[in-house]
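Here is a friendly walk through a two-chain model, from overall build to the contact between the chains. Keep the viewer open as you read.

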Amino acid sequence: MFETHLLSYIIFTPLVGAVLLLLVRNETIVKSLSILFAAITFILTVVLYLTFDAAKPGFQFVEYVPWIYSLNVAYHLGIDGISLLLIVLTSFLTLIALVASWSSISKRVKSFNFFVLLLEVGMLGVFCSLDLFLFYIFWEAMLVPMYFIIGIWGHERRVYAAVKFFIYTMVGSLLMLVAIIWLGYYASTLPGGTFTTNLVELYSIAPTIPLGIQTWMFLAFTLSFAIKVPIFPLHTWLPDAHTEAPMAGSVLLAGVLLKMGTYGLLRFSLPLFPESAFKFLPLMAILAIVGIIYGAFVSMVQKDLKKLVAYSSVAHLGFVVLGIFAITVESIQGSVIQMVNHGLTTGALFLLVGMLYEKRHTRLISDFGGLARVTPFLATFFMIAMLGSVGLPGLNGFVGEFLILVGAFKSDFLGTPAYAIVATSGVIFAAVYLLWMYQRVFFKTVDKPENEKIKDLNVREIAVLAAIVVFVVWIGVHPITFLSKSEPAVKALVDTMVKAKVGALGALR
Amino acid sequence: MSFNYNDMIAVSPILFLSAYSLLLLIVDASLKRPANICYWLTLVGLVVSGFLTVFTYNASGNAFNGMVFTGRFPAFFEIVFVLSAALSVLLSKPYLEKERINFGEYYTLLLFATLGMMIMASARDLMVLFLGLELMSISLYVLAGFVRRDAKSNEASLKYFLLGAFATGFLLYGIALVYGASGTTNLSVILERFSVTQNDPLLWIGAALILVGLSFKISAVPFHMWVPDVYEGSPTTISGFMSTGSKAAAFAALVLVFSYSVHPSWQLQLVIAYLAAFTMVIGNLIALVQTNIKRMLAYSSIAHAGYALVGIAAANSLGRTGVLYYMLAYTFMQIGAFGVVSVLENKEGKYLQISDYEGLANKHPVIAALMALFMFSLAGLPPLAGFFGKYYLFASAVSAQMTWLAVVGVLASVVSVYFYLNVVVSMYFKELPEGSTSVAISKLGATALIIAAAAVIELGLTPGYVVALTERLF
């Protein structure tokens, strides 16, 4: 009984927490209560992780309750190894973000915690949905809390950033909605078919769509995901939203929201429309590489720490997209683990930048210098997160990038190692901009009197960062703990794609 | 001609409301201070006729020698009208007291307008349709000008009347031509003779003129010019009532004429599709630049007529369900939005500009949250009622091979997000201006808003029940 509804418990625990918050007045109780519910959710996802059986094929923990009969819509949940990792990441980062914002949010504390918990509901729902209608609802519903988080608690240009974020995402997702409807309609035109948005059914139906229309479907879905990832040149909302959002907002944006785009590519774009995916594969790979290089170069010239971290996301997500479209077991495994890695390291970097901002009220790199002496703890954690992001062997980023590049190098789908070779340069650029930034902020002498008085991390902040660092090192040293969970799902996906490729070639002959 | 008992039962909500309204007219005339009594009596009347509707729900068929439809279709719309009227009435009392126009005839006129809408939705004959339309329109002309001393209200009334009379002329001319082509004004007979008359240009000219007349009432582009001025000038509660009730009534008529009777397997379907596309795009684009919230809601109501027209253009059962569902969902969210304005605004015109809403969330958190909910629902965000309505309407377009129309619709929705968010931005992201005072929120008004908000959420979460009510209509 517990296990059959575990996913529902996970998704709706934060909602219960959010509703309970409305009844409480005291700010300390509000904060504790929301942390409590985020913690319960996290514990539930750990239980989920431990009970998940990687050996079993297909979706697990499936729940199916018919919802809207006339359109055949169901409350249909289920996870595989890929969504499992992202669910745990989501609940972990939400908890971290809430604890980290204990003292940084001073106005409308209740609303803030309310929206963060609501956001968690949406994020978890997206990763669990096996019905396109349900998926779309979570996907869109999540926009609203994020919009408020950026718009109310953000920095100077928050309104602009919030509206831009909202409208950008909406353009993509509404076109996806038309594609979803069209898929349902297509299913109803087949002999004996009914209107359906059931993903499991559509997996066998959608690839049979004539290529001309399938291409449009693929584009509609992929546009929506590409905006979310974001893939160059659709990334322009990202620096604004990340920079203007409050600390917790940036952490969840970078940590989880961006992953929804790459998750969508893996869950929908590739397996639903394999043939069209092959058609656009070179383009997507090139855009991914452009993102890697472009993101790195733009990061290099940033004066604002938060903007630098934001642009570095464009580069990192470029790797993930490259891995996805290389369609080998290694590269997609690398992409999956890199999604988690990026959530951890970039999340940690946003936290650190946020903490620094709280203490010094500036984010300009030129305002700092020599902080290693003043704030040794902060400098250490910053170093670990930064090196994880660079891809230093022994830390998490290396594992992901290595797998992606190996996979891309030998990928039959890409057909040439050229993509991997060019992408490798991105690793070097990442080292350049991150190390250079670190040097300017933390090394040399303290030449500004304001910096002398910066307080080092307190116990709460250290605990939050240490929790992240545990995973940064764990994935770096022993990634198999996590990779083994997602491997069967990735293998199945690659098998599907290979079969589709063979089928497509067969049809040509 | 003979009357029988079953016919009476089948149209009992209409019969009851006719008698009741006339009675109310006498009560109003014979009392010294009738406003409060009329208010409660009106609510009672609406509840009773809504209750009667439930009994007629499964008596699908026709009555009075085929002059009116009975059963599901009219009953569904009657519920929409009753809800629209009841919510407006609930919001009206505090509003009218604030504006010092609390007179009994307001409520009587509102009941007569509701009655007209009910007659429209059960019309099986074009003459009955016309009768209902006139009863509704004339009552609304008066209500639009109810703030007697206000120049804008007078302008609204006059404009609505002149343009409305003109549109009615088109409608009547269209009815005459259709009669000329098919020899009848009965919609079912027109349907029967369709195979014979469908090549007669008179039928199509007539149908086009009827479309023009009804497009005026639903405020489709390019027949929308009156809407912003009328909605701005009318008492806010009446703007809410007009933009939901009378729009729903005109959509009922559109479904009856163009989705049921005159079979649109012909270019007319494409004409309606273009009408829908223009209405969605232009309504949303012009709404972008509005600074007055009533005008913004007026243009948004134009755009929403466009969305619902998609269902008429699709002319399939999904489309009909979509229109019906959307009218119900739209009634709640639109009356909710106008209701928030009516609750807040005062005689000096405060809270009529969107900029007046700055920092509202600090001052009136509950009202701001309700307004945000209505805005998100109007923008079509899941899991609210507005989203599911759009989903159904766009699904009908896709299954009628008009995917382009669905694409136009979603792109127009993206535009709409901007101006709906603008209100939310003002309420939540802007600071409270210095020296602003809070408004006394009436309990009745707040009750109506909370009912509407609950319905917006509920309809979005469990749309299946309403959808089930809209199947097997005729």
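Chain A folds into 21 helices and 2 strands, where helices (H or I, at least four residues) and strands (E, at least two) are DSSP runs numbered from the N terminus. Its radius of gyration is 22 Å, close to the 23 Å that the globule rule gives for 509 residues, so chain A is as compact as a globular protein of that length. That radius is taken over C-alpha atoms, and the globule rule is 2.2 Å times the number of residues to the power 0.38.

A word on conventions: this is a predicted model, in which local features need pLDDT of at least 70 and side-chain atom pairs count only at pLDDT 80 or more, while totals for chains, interfaces and linings use all residues. Residues are numbered from 1 along each chain as its sequence is written, and chains are lettered from A and ligands numbered from 1 in the order in which they are written.

How confident is the predictor in chain A? The mean pLDDT (the predictor's confidence in each residue, from 0 to 100) is 88 for chain A, and 99% of its residues reach 70 or more. Confidence in chain A is highest in helix 3 (residues 81–100), at a mean of 92, and lowest in helix 19 (residues 449–452), at 80.

**The two chains**

Chain B also has a secondary structure of 21 helices and 2 strands.

| Chain | Box, roughly | Buried residues |
|---|---|---|
| Chain A | 75 × 55 × 40 Å | 61% of 509 residues |
| Chain B | 70 × 55 × 40 Å | 63% of 474 residues |

Two residues are in contact if their C-beta atoms, placed from the backbone, lie within 7 Å. Among contacts in chain A between residues at least 6 apart in sequence, 79% join residues at least 24 apart.

**A hairpin in chain A**

Strands 1 and 2 of chain A run antiparallel and are joined by 6 bridges; two strands pair if DSSP finds at least two bridges between them. Ile68(A) is the bridge partner of Val73(A), and Tyr64(A) that of His76(A). The hairpin has 4 residues between its strands, and Asn72(A) in the turn has a positive phi of about 60 degrees. In strand 2 of chain A, 5 of the 7 residues are buried.

Is helix 5 of chain A mostly covered or mostly open? It is mostly covered, with 10 of its 10 residues buried, including Phe133(A), Trp139(A) and Glu140(A). The buried residues of helix 5 pack against strand 2 (73–79), helix 4 (109–128), helix 6, helix 7 and helix 8 (199–205) of chain A.

Between the chains, 26 residues of chain A are in contact with 23 residues of chain B. On the chain A side, strand 1 (60–68), helix 5 (132–141), helix 6 (143–153) and helix 7 (158–189) each supply at least two residues. Helix 7 of chain A gives the largest share, 14 residues. By class, this side of chain A has 22 nonpolar, 2 polar and 2 charged residues. Here Ala, Val, Leu, Ile, Met, Phe, Trp, Tyr, Cys and Pro count as nonpolar, Asp, Glu, Lys and Arg as charged, and the others, Gly among them, as polar.

Key:
Buried ≥ 20, exposed ≤ 12 C-beta atoms within 10 Å, placed from the backbone.
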